[in-house]
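Please look over the sequence and structure before reading on.

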Amino acid sequence: MEPVWFSSDLADEIIKNNDIFEQTHSIVTDIMSGRLQITILVENMAGVLTNKEVDNRERGMRFFTKILQEIPKDFLTDMQIKFISKFYIDRLKDNHKVIPAVLEGYLYIIDMKNYSVQLSGEYFNVLFREVACQSQVRQDRYNIYLTISKLLEKDVQYMKTLGPDFIYGVISSMDGERDPRNLLFLFNFLPKFLAQIPLGHLVEEMFEVISCYYPIDFHPSPNDPAPVTRNDLAAALCPCLYAIPEFAEHCLVLLIEKLDSSLRVAKIDSLVLLTKSCETFKAESYGPFLKALWSSLQREISHKTDDVLKLAAHESLSALVSKLSTTANTDQSFENFIKGILISMQTALAESTTVAQFVQATKILLTAANASKESCEIITKAMIPAVLAYYEFKTSSKLQIASIEFLGDLYELAQHWGVLDQIQKQVDEIPQLCLTAASERTKEYQVVGFRTLIRAKDALKIDLVVPFVEILSYNIQHLEDDEVLSVSVETVHAIARKYPELIMDFVVKGKCDLENLIQDKTALQKRLNLLSSLASIDDFTKVIIGEMLKVISSSNEEASKVIQALSSSISNSSLYSYDKVAQIESDHGLIDSVLTWLYSEIATSNESLEHGYSLVSNTICSLPADKQLNILSNHTSALIEKCSMNEANFQMLECLYRSIRPNVYNKHFEEILSLALRLALNNDKDMVRLKACYLMAHFLNKAENGQKFELMYEGLKNNLSSCNRDDLKICPRLIFLYGWITKALVMRGSDLFQFWLKKILLSISNPECSQQGSEAIKIIMTDFPDCLSFRHHCRTSLLYKQRMFLTFTKITENMSICPETKEAYILSWAYILEKTPKSVLNNEVNKIASLAIDALEYDNKDLLIVMIDILIYFVQAKTVALAQSLQTILPRIINLTTYVKSMDVRIKSLQCLYDIANSYDTRLLLPYKQDILIDLAPSLDDKKRLVRNMAVKARTRWFLVGAPGENKEI
Amino acid sequence: MTKTADNVNPNVYEKGSEREITSTELDEDVSDDIDEREIFDLIRNINDPEHPLTLEELRVVEQQNVFIDNKQNLVRIYFTPTIPHCSMATLIGLSIRVQLLRALPSRFKVTVEISEGTHMSEHAVNKQLADKERIAAALENNNLVQIINQCISSS
């Protein structure tokens, strides 16, 4: 039998039977296959579509709409669609119950491929006349908006022809919308609409409808699972208000009114709106409002406590100034505006009694100056002389210092905008003031004077060089303070770049007396530091380095000081580039001289040898591969021979090979490697053993992938497996070496490191050498400045610490730990956790938290500090797992607040208590409050002040738990 | 409550620098005594009830007005209201007392008084601040505790 939809019984079926709605799919299939014409179907539905009962007509429309929804979008012809559209438009005039289905159905119709946009004119006509949008339910209102939006996307040109009636319809349909989701949709849609459809005389009406929502004051219902937040709405509304330039006047009036509101969000929204509005509004539109805007902005910027508000006001000011500056040449209002700012800020500066007030005013000026070239010129031109005069007033020293800093800021802005030429006269005064400040005896003045001079060094005139040099060279030779010293050296350096000849005469040959460098022993080291820093400038290199090398090769007793100075300067790559070092080496033969010196001094074994080693390795690392090979071939054979006589000479070999490039290889490698292996296990000097380990780690890390690496690795592995593990002397050294091998491998990103890590873990689980095992873990995780670093051309695979953490977690999963080795085991964990980025720990919260809680029982300072740190991190992140263990944690931590051996442990544990009170829910904390307050009392009388400070912080915080006036964000 | 502040536009002074940590303070074995500066640090950041400013910035408390005797376990503090008719004087004194009650070891006997001649009802306020029972009673009052906690919570 044929289904019911092939006959006119369909109408009755729709009225009576709900199940027919489930079968639309089959109907659509029949239509698609051609067995049923859509016209026939509509005829069959006639009975219900034109039924006298409203409810039945509603069912009919709903059924029809469902068919339209399911029918493929490209199936119906344009003629069919035209008729259906006409029918739907006609239905808009029907009873209000029928309307929802009509609205929904039309939405499907416009989606059809063959829908002609011409049909929509009539639809809107009838829709706006017959249907009051705001009396519909939420979904239907949404469907109306969606229809408008879709048609706009389809054909903008046609929509423009619909004229004011259409626009008025849109305005009145959204007037009074209250639902947040619909509003969000509208706010997102409106900017597109406004940008494309000219509003004509309806500008004000449109703005009224939009602006009535401003500023958004909305609180989502607490039961809403996915609430729309106030901020979503505010962010969406903002672009509607400045969508077109025509809104400017209305918008600015509104904005100024809301800026004066007492509501904080209204102010912030208005400031954001002002900032954004500069993108669309014309500069002229702001003219009449500038006075009002500035007074509001000034008020918000000088707000005392609210930083968010301040920042927003600064941004608005910046946007406004940069917008206005586009009319600087045609309009007087820009200049007047900037002058207004200048006048009020100069008053504020003159009246300020504290640095905070001073800085606040200067910040406003800097913001305005930073916004555009024009404003920068006006402001710097006026402010530089003003500040110079201000300094002379002899206000408080802090204000004077702040004013010099302000000068530096102004100078940099002028430099940034390229207006230095226009304000030449004003700028020239700055160095003079720097000199005045630098001539003061106090450290703060000197530092700020020098720093500002460095910033404004291009303005330094030749006649001021000598006075500066006098002060600087006095400082460098006589002062002890590190900060003044380093800034003085920096200043000389800066001046030397501008006036090399003067510095050469006055400093290098004059004050430092290069030719008789070591005659005068006083402050020699400081002079050397200055000279080695200056030597990085091309004009000085030859003279200074030459003289220094003379001292080194004369094996004078002061040579070690020279080496120390050179070593620390050359390792600073911002002073010495690779090319520079390479040039020094090829011109002067630095390495040869240093090696000769090292060889003659090696017996003395003093600390300055270390500087020599690092000077050699730092020089080598800057050279290209062929030069490195050259130097190696010159020295290696002789050095290996010397090693056989005195194993301490190995250190010289090591510093040569430490920082070679990865592609450098020569025939000595294997010999050196086996020598290193022997020394690492058998030499009696700690230093030599350490250097041997360094070298092996470097070789392993740098060896090229493939055969070279495999040969080296297998050789090493075989050698090590034949070692005697029972020898009590060898065993710790072996574990130590495992640590270095693991480190080298994990850093080059090789999976082989797991093999060695397992060996280390084995030693941790053995009570006799568990201590050394944890030391090895420490080696792996610690960064050493002169070993396996990027500077030495070593591979440092990304995230290798995370990798260690993950591997360690995996390997230890099934490890059984006996009580004797537990401390070493937890300590190893501590070393790993200390260096792992904290965010990685979040995946293993439960495991790590329980380790950390266990660790609190052990009497080991390093362990405790790391683990309490981890706990603090988890507490600050409000980890739930810890909240459940408070009962265990609190007594242990309280115990540690009186830990005698280390104040750091005491401080950390007190901080942890503070954070617990700060982070967790009052309900969880209240049961412990009274006990903790009593337990914390003794710490208030701790013998160390720093502990007491933290105890006060923790105890006063716990007093607030659950008390009135507690300000907790949960 | 929209009462305007007694002193609408007080003088604001520079904030002192943080105490520098000396090497002896980092030495485990040296014990540092509690000194005037330390006690001053405890109360300098108490907020004024009327302004978003600290007592230090208003010069209500100054280091030179803090006295301590470690042997006798005595602490004496004088504070200076910004204006002689300041109605908040008692509240400020109470905040200082409460803060010290919580932050000082219990061995100290603490006295908080108004600097001589800086307030109209100096003696009455001093008497109130010295009366233990009145202080205890004040701390039973939830509204008062709330204001005090807000004043001292940032210190």
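A salt bridge is counted here when a side-chain nitrogen of Lys or Arg lies within 4 Å of a carboxyl oxygen of Asp or Glu. On that definition, there are six salt bridges between chain B and chain A. The model is a predicted one, and the values below are computed from it.

**Interface between chain B and chain A**

- The size of an interface is often given as the accessible area lost when the parts come together.
- For chain B and chain A, the buried area is about 2500 Å², and carbon and sulfur atoms contribute 51% of that area.
- Within chain B, the residues that lose the most area to chain A are B:Glu14, B:Glu28 and B:Arg102; together they make up 28% of what the chain B side buries.
- A salt bridge joins the side chains of B:Arg107 and A:Asp941, with an N to O distance of 2.5 Å.

**Annotated domains**

- In chain A, an unreviewed UniProt entry assigns "domain: MMS19 N-terminal" to residues 42-302.
- Residues 37-114 of chain B are 29% helix and 21% strand, with end C-alpha atoms 19 Å apart.

**Cavities**

- Searching the whole structure gives four cavities of 30 Å³ or more.
- The largest cavity has a volume of about 110 Å³.
- Its lining consists of 14 residues, and those nearest the centre of the largest cavity are A:Pro662, A:Val664, A:Phe669, A:Lys702 and A:Ala703.
- Two or more lining residues come from each of helix H38 (686-702) and helix H39 (707-721) of chain A.
- H38(A) gives the most to this lining, namely three residues.
- By residue class, the lining of the largest cavity has nine nonpolar, one polar and four charged residues.

Note on methods
Residues numbered from 1 in each chain as written. Chains lettered and ligands numbered in written order. Predicted model: local features only at pLDDT ≥ 70, side-chain atom pairs only at ≥ 80, totals over all residues. Heavy atoms only, no water. 1 Å grid on protein atoms, 1.4 Å probe; cavity = no way out; pocket = protein on both sides within 12 Å on 5 of 7 lines; lining within 4 Å. Points joined across faces, edges and corners; volume = space filled by probe spheres on them. Helix = DSSP H or I, 4+ residues; strand = E, 2+ residues; numbered from the N terminus. Nonpolar A, V, L, I, M, F, W, Y, C, P; charged D, E, K, R; others polar. UniProt positions renumbered as here; feature names shortened; annotations may be inferred. Buried area = accessible area lost by both parts, 1.4 Å probe.
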